[in-house]
4 protein chains.
Amino acid sequence: MYTLSVSSPPRVLVAPYPQRRQLVFPDDVWAELTSEFDVLEVDGADPRFDELLPGAFAIVGQPDLPAARVGAARELRAICNVEGNFLPNVDYAACFGRGVHVLGCGPAYAQPVAEYALGLALDLARGISAGDRAFRAGAERYAEAGNVGATLLQRADVGLLGLGNVGRALLPLLRPFGVRVRGYDPWLPPRALAALDVEPTGLDELLSASTFVFVLATATTENAHLLDADKLALLPDRARLVLAGRAAVVDFAALYEQVAAGRLRAAVDVWPTEPVPPDDVARTLDGLVLSAHRAGALDTAFRAIGEMVLDDLRQIAAGLPPARMQQATRELAPRYRNKPVIR
Amino acid sequence: MYTLSVSSPPRVLVAPYPQRRQLVFPDDVWAELTSEFDVLEVDGADPRFDELLPGAFAIVGQPDLPAARVGAARELRAICNVEGNFLPNVDYAACFGRGVHVLGCGPAYAQPVAEYALGLALDLARGISAGDRAFRAGAERYAEAGNVGATLLQRADVGLLGLGNVGRALLPLLRPFGVRVRGYDPWLPPRALAALDVEPTGLDELLSASTFVFVLATATTENAHLLDADKLALLPDRARLVLAGRAAVVDFAALYEQVAAGRLRAAVDVWPTEPVPPDDVARTLDGLVLSAHRAGALDTAFRAIGEMVLDDLRQIAAGLPPARMQQATRELAPRYRNKPVIR
Amino acid sequence: MYTLSVSSPPRVLVAPYPQRRQLVFPDDVWAELTSEFDVLEVDGADPRFDELLPGAFAIVGQPDLPAARVGAARELRAICNVEGNFLPNVDYAACFGRGVHVLGCGPAYAQPVAEYALGLALDLARGISAGDRAFRAGAERYAEAGNVGATLLQRADVGLLGLGNVGRALLPLLRPFGVRVRGYDPWLPPRALAALDVEPTGLDELLSASTFVFVLATATTENAHLLDADKLALLPDRARLVLAGRAAVVDFAALYEQVAAGRLRAAVDVWPTEPVPPDDVARTLDGLVLSAHRAGALDTAFRAIGEMVLDDLRQIAAGLPPARMQQATRELAPRYRNKPVIR
Amino acid sequence: MYTLSVSSPPRVLVAPYPQRRQLVFPDDVWAELTSEFDVLEVDGADPRFDELLPGAFAIVGQPDLPAARVGAARELRAICNVEGNFLPNVDYAACFGRGVHVLGCGPAYAQPVAEYALGLALDLARGISAGDRAFRAGAERYAEAGNVGATLLQRADVGLLGLGNVGRALLPLLRPFGVRVRGYDPWLPPRALAALDVEPTGLDELLSASTFVFVLATATTENAHLLDADKLALLPDRARLVLAGRAAVVDFAALYEQVAAGRLRAAVDVWPTEPVPPDDVARTLDGLVLSAHRAGALDTAFRAIGEMVLDDLRQIAAGLPPARMQQATRELAPRYRNKPVIR
């Protein structure tokens with residue numbers, strides 16, 4: 001399939017914290033990795049890390065990598081983040097200047113999050129979890145009496161905030177519903193959205209026009225509380241909001257207020273503080289579907305991360321570009337403001 | 001658009017019970033219907049019904065229509081059921097012998113039920129309502145800790161029991177998940193399933209192979225408790241069952257037992273007795289998603305029924321065949337055993 | 001799979017003329033048919049036909065069946081046309097009054113014709129056969145010089161005249177091109193088109209708006225020369241016309257004139273007279289793609305016909321409705337004016 | 001929409017040769033470009049080019065850019081190839097070391113080539129251009145007599161050689177045919193193909209199994225005559241080959257031989273020498289569809305190139321990564337061996 005470009009197996013330092021190594025590399029994937037590469041598990045805080053760094057072909061994980069370490073890693077070709085977020089603990093400019101691939105595992109989460117987001121939207125459309133709750137309380141209402149306010153997704157006006165990996169994985173799941181899809185993504189030119197058959201739309205117009213809104217944006221240096229009280233007020237009455245990107249994008253106090261007032265319904269998978277405080281009002285709001293940061297964290301996603309890493313290390317060792325992980329860009333890598341998921 | 005085949009507006013008797021007339025015919029649809037036809041609202045039990053019958057072009061609703069009434073209805077061209085089930089209170093043979101179209105509104109429910117069924121499947125796949133319940137109880141678990149047993153729908157083995165209106169509406173919603181779809185429908189030849197890109201499969205094999213099973217079958221003279229304890233035992237451990245057809249098809253005691261044992265999870269929208277008794281064990285089973293016969297009963301579905309009736313009455317009055325409602329067949333009309341939804 | 005409703009094998013009279021029996025029933029299909037039914041090959045003109053008729057369960061083919069013959073066929077349950085057109089040589093009213101299924105094999109041609117129609121449209125869009133012709137004449141032009149007037153199908157305005165079997169098979173092939181689809185079908189209510197995600201459009205508006213028009217209509221008592229000079233003049237300059245329904249729908253003289261003038265391009269598979277006269281001007285028009293009634297007549301289509309017949313005879317013998325062939329309707333059966341393809 | 005990161009308009013040198021500037025930048029696109037950037041049209045051979053280079057923000061076109069020029073271009077952020085091929089006249093390593101984006105316009109050709117490739121495949125499947133040719137010669141055969149050897153694309157075994165831009169644009173067009181898609185691309189790991197729902201397959205196995213093969217590979221340092229006589233011999237009898245990548249990949253003498261023998265049919269859009277010599281045997285082979293490098297060179301594609309350039313220059317000027325053009329990679333840029341299309 002490929003030939004290694006160096007005579008001995010390339011050295012790979014594995015430092016996946018806070019991800020558990022066994023989660024990302026199930027036994028069979030690990031066996032392949034260790035048979036093809038000289039794999040060493042060593043935490044970034046371990047003194048041996050700096051000893052091993054000069055001969056390292058790749059780093060799996062995202063330990064602190066300031067300029068000095070990047071400079072010392074003379075053979076380094078790739079850094080493979082296996083947690084999901086590009087963190088500010090790496091000197092990206094130094095990496096790019098050296099031609100080191102900085103790779104993220106975001107694509108592995110796209111399908112799980114997209115399926116979950118669709119499930120949440122259908123729950124909000126039809127009141128699935130609310131109906132289950134009523135039923136368990138002996139208060140269910142049958143047929144049309146139980147469907148007051150319920151709506152179809154078919155031919156709905158859908159807005160996507162963010163058209164990265166998740167948005168792109170969600171699009172094909174939405175298409176058979178015949179929805180009209182508007183999109184907003186300040187990091188993409190309008191024609192990039194049009195090429196995805198998404199109508200590029202200004203934020204205000206998107207919010208005003210959409211009865212289902214999927215908030216899939218990552219947290220950046222620019223978008224804290226992008227959805228504040230005023231923006232949320234633009235949404236049509238009884239709009240449904242699926243929050244599956246990052247909590248920082250939304251003003252939660254404003255969201256709770258509008259949900260409590262019955263104006264909006266929302267499914268929330270990401271929270272300003274996790275774990276959510278025991279007395280958080282969200283736990284009592286009927287108009288919410290509550291989810292504990294579970295959209296992406298599936299066995300299959302973790303395994304996919306390990307496979308991606310293996311695939312792309314093979315590519316690079318064979319003199320080919322990485323083909324499965326997401327490449328960090330010089331322009332954006334410093335602008336993410338996500339935090340690792342607590343575990 | 002069309003020309004009436006009779007000189008005066010054709011007479012239409014509207015007897016929609018147990019459906020409410022206003023639900024099926026919102027004002028605008030009703031205005032169209034009454035402007036184009038000589039519409040009379042008259043219950044089948046009203047003595048005027050038999051007076052009006054001889055001049056009736058169509059009956060909307062499904063009042064008792066024994067042979068004598070069918071014989072008396074000398075101008076009758078169509079009977080439009082607006083409730084959803086072909087009931088045994090009509091002499092179908094007499095209708096077919098006379099060339100009367102017997103039409104059902106099943107297609108109006110297909111999209112709502114299909115969307116709901118997909119929502120239930122995604123809930124079962126990921127534990128959406130169970131997660132919401134835990135969260136409200138302060139017992140949520142985050143990220144992978146909350147996802148034990150969760151699974152993707154992507155590339156899953158899906159089995160469809162019944163490939164009528166709902167199954168066909170569900171197929172396009174399932175396709176982007178890349179699932180393998182097996183189907184079982186004893187009223188269809190295998191190649192009819194293959195033409196839908198569904199693998200025709202024997203019941204036992206389908207159950208053994210499918211991790212998601214959608215039970216979409218109507219109740220018939222032949223399929224009571226088709227899914228009994230033995231059949232349910234064929235399902236793989238942790239299979240997900242969406243019950244959105246008719247309750248009579250399933251042995252509920254057996255289902256509860258296997259759900260209680262943690263072997264299966266199920267979403268149930270139809271029940272042997274409705275309303276479900278207050279002390280029914282289902283209300284306490286963690287592995288169930290409980291739903292009160294809400295899959296089809298949406299405003300939009302009711303409106304669609306009225307529109308279908310209007311469209312097909314126009315077709316028939318114009319000398320064209322009905323094009324939107326489902327035609328009852330000589331062979332199957334007597335074999336349905338569904339009951340109207342309680343309201 | 002099913003149980004026969006009669007004690008001895010039901011008798012099937014096979015009179016497929018002008019279709020050849022071996023074409024429709026390849027050996028393996030024939031073996032199944034003859035093992036399950038009491039099959040007799042007998043032409044409608046053969047005196048034995050009338051002898052055998054009273055005991056016949058089904059007739060395969062469409063021999064003359066006036067009222068007297070239908071009356072004599074006391075056990076008749078189905079007539080299976082295997083050629084493709086409902087001809088006026090059957091007393092349809094007598095059949096329907098008796099509850100005899102009159103079935104057509106149109107669906108077997110839908111996929112071949114739809115694929116061919118798309119191929120013709122792409123040829124017209126890009127000048128594939130014209131380019132091949134120029135190349136063989138040593139007059140090819142390369143790259144953009146050869147693409148003057150060429151256009152994409154992507155996002156084009158597409159009009160479908162006729163939304164029967166072929167139109168419905170063509171729709172999924174067109175969808176990934178992101179086209180806007182308008183449709184016109186006087187036998188269907190507008191909402192039936194909308195349910196197919198086709199915009200119901202008046203004929204004039206459709207012609208004015210569409211750069212690709214697929215003429216898929218069958219010939220009826222009402223649509224001779226529906227596309228006359230005036231209608232063709234509504235098409236935008238350089239519109240592409242795919243004629244894959246019936247020739248009678250189009251005024252060919254008018255079509256030739258506008259093609260010769262360079263205003264339209266057309267792909268023609270059906271002709272007013274077949275074979276086309278040797279000196280027909282069509283043979284010299286650069287703007288035409290010429291095809292000899294080849295859209296449907298594929299081995300696989302013929303085989304599919306035999307399979308459909310077998311499937312539906314099994315259905316009916318088992319007390320089930322036919323599920324694969326097209327049911328003739330009381331209203332439309334007398335209104336078709338198609339002629340068999342010459343062979 | 002964005003803010004320029006520099007105070008004065010960034011300087012853009014436009015040197016599109018051999019592409020014509022007006023083709024790539026229609027008036028409206030050019031007006032936008034020149035209003036937002038300090039645009040100078042200057043050929044790479046023009047002495048002013050080197051004078052202007054030090055202040056250039058971007059170069060549109062691919063003039064010779066050896067290390068000295070790259071070094072002199074101190075403000076350079078992007079090189080936008082508008083012809084379609086990464087040529088060896090650029091010191092890619094120097095560019096990457098400097099963080100200069102090297103961008104290609106390949107994606108603009110993907111849809112035109114994919115539509116054309118499908119059109120060619122349908123032509124080969126059904127003999128559209130051959131049928132037109134016979135018709136013009138008065139030798140057409142009707143219905144099944146004209147369809148000997150014709151086949152459906154539906155459910156066919158399709159092989160894709162190369163899964164770059166074109167292959168990915170072709171996949172959605174193929175899906176509604178229900179084909180089985182095998183793929184071979186030595187620059188991608190098998191799971192990258194699987195993620196596209198393509199079965200990764202070795203070259204020999206792919207050739208042996210596929211009745212339709214699309215050769216979409218670019219020319220590289222490794223794949224000259226990849227499809228030689230032996231490989232072509234692996235194809236099933238009567239396989240159809242669409243050659244829409246680069247001619248260098250195929251041994252044309254071997255291809256002609258197998259086409260002449262009636263074993264294969266092929267549609268050829270790219271040729272070892274262009275223009276093709278007047279006496280090339282290809283011009284006489286019945287089993288070929290001949291096309292003069294016309295798959296991509298559409299007005300709409302050229303316009304799309306200009307739009308991509310504009311979009312990505314805006315992105316980069318706004319401190320964002322390019323989002324529409326294809327990024328050259330350090331690994332592959334030196335390995336392409338394509339030549340510009342003659343014009």
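Start with chains A and B. Here 60 residues of chain A are in contact with 60 residues of chain B, contact being heavy atoms within 4.5 Å. The model is predicted: local features need pLDDT of at least 70, side-chain atom pairs count only at pLDDT 80 or more, and totals for chains, interfaces and linings use all residues. Residues are numbered from 1 along each chain as its sequence is written, chains are lettered from A and ligands numbered from 1 in the order in which they are written, and side-chain values use heavy atoms, with hydrogens and water left out.

**The A/B interface**

The two chains bury about 5,100 Å² between them, 59% of it on carbon and sulfur atoms. Buried area is the accessible area (1.4 Å probe) that two parts lose on being put together, summed over both. Four salt bridges are counted between chain A and chain B. The term needs a side-chain nitrogen of Lys or Arg within 4 Å of a carboxyl oxygen of Asp or Glu. Select A:D132 and B:R133 to see a salt bridge, with the closest N and O atoms 2.9 Å apart.

Now color chain A by element. Helices (H or I, at least four residues) and strands (E, at least two) are DSSP runs, numbered from the N terminus. α6(A) gives the most to that side, with ten residues.

**Helix α7 of chain A**

Select residues 128-136 of chain A. Buried here are A:I128, A:S129, A:G131, A:D132, A:F135 and A:R136; buried means under 20% relative accessible area, with a 1.4 Å probe and protein chains only. Look down the axis: the buried residues fall within an arc of 160 degrees, so they line one face of α7(A). The arc is that of the directions from the helix axis to the C-beta atoms. Their cover includes α6 (106-126) and β12 (288-290) of chain A, together with α6, α7 and β12 of chain B. Just after the helix, A:G138 takes a positive phi of about 75 degrees.

**The C/A interface**

Next, show chain C with chain A. Four residues of chain C are in contact with four of chain A. The pair buries about 230 Å², 11% of it on carbon and sulfur atoms. C:R155, C:A194 and C:D197 lose the most area in chain C, together 88% of what that side buries. Two salt bridges are counted between these chains. One joins the side chains of C:R155 and A:D197 (2.7 Å, N to O).

**Helix α12 of chain B**

Move to residues 252-260 of chain B. Among the buried residues are B:F252, B:L255 and B:V259. α11 (229-234), β10 (239-243), β11 (264-268) and β12 of chain B are included in their cover. B:D251 caps the N-terminal end: a side-chain oxygen lies 3.1 Å from the backbone nitrogen of B:A253. After the helix comes B:G262, with a positive phi near 80 degrees.

**Two last stops**

Select B:T220, in the loop between β9 (212-215) and α11 of chain B. Its side chain reaches the backbone nitrogen of B:E222 at 3.0 Å. Finish at A:L332, in the segment after β13 (326-327) of chain A. A:L332 is buried, with a relative accessible area of 8%. Not counting residues up to four places away in sequence, A:L332 touches A:W187, D:L320 and D:P321.

Conventions:
Buried means under 20% relative accessible area, exposed over 50%, partly exposed in between (1.4 Å probe, protein chains only). A polar contact is a pair of N or O atoms within 3.5 Å; within protein, one must be able to donate a hydrogen and the other to accept it, and residues adjacent in sequence count only if both atoms are side-chain atoms.
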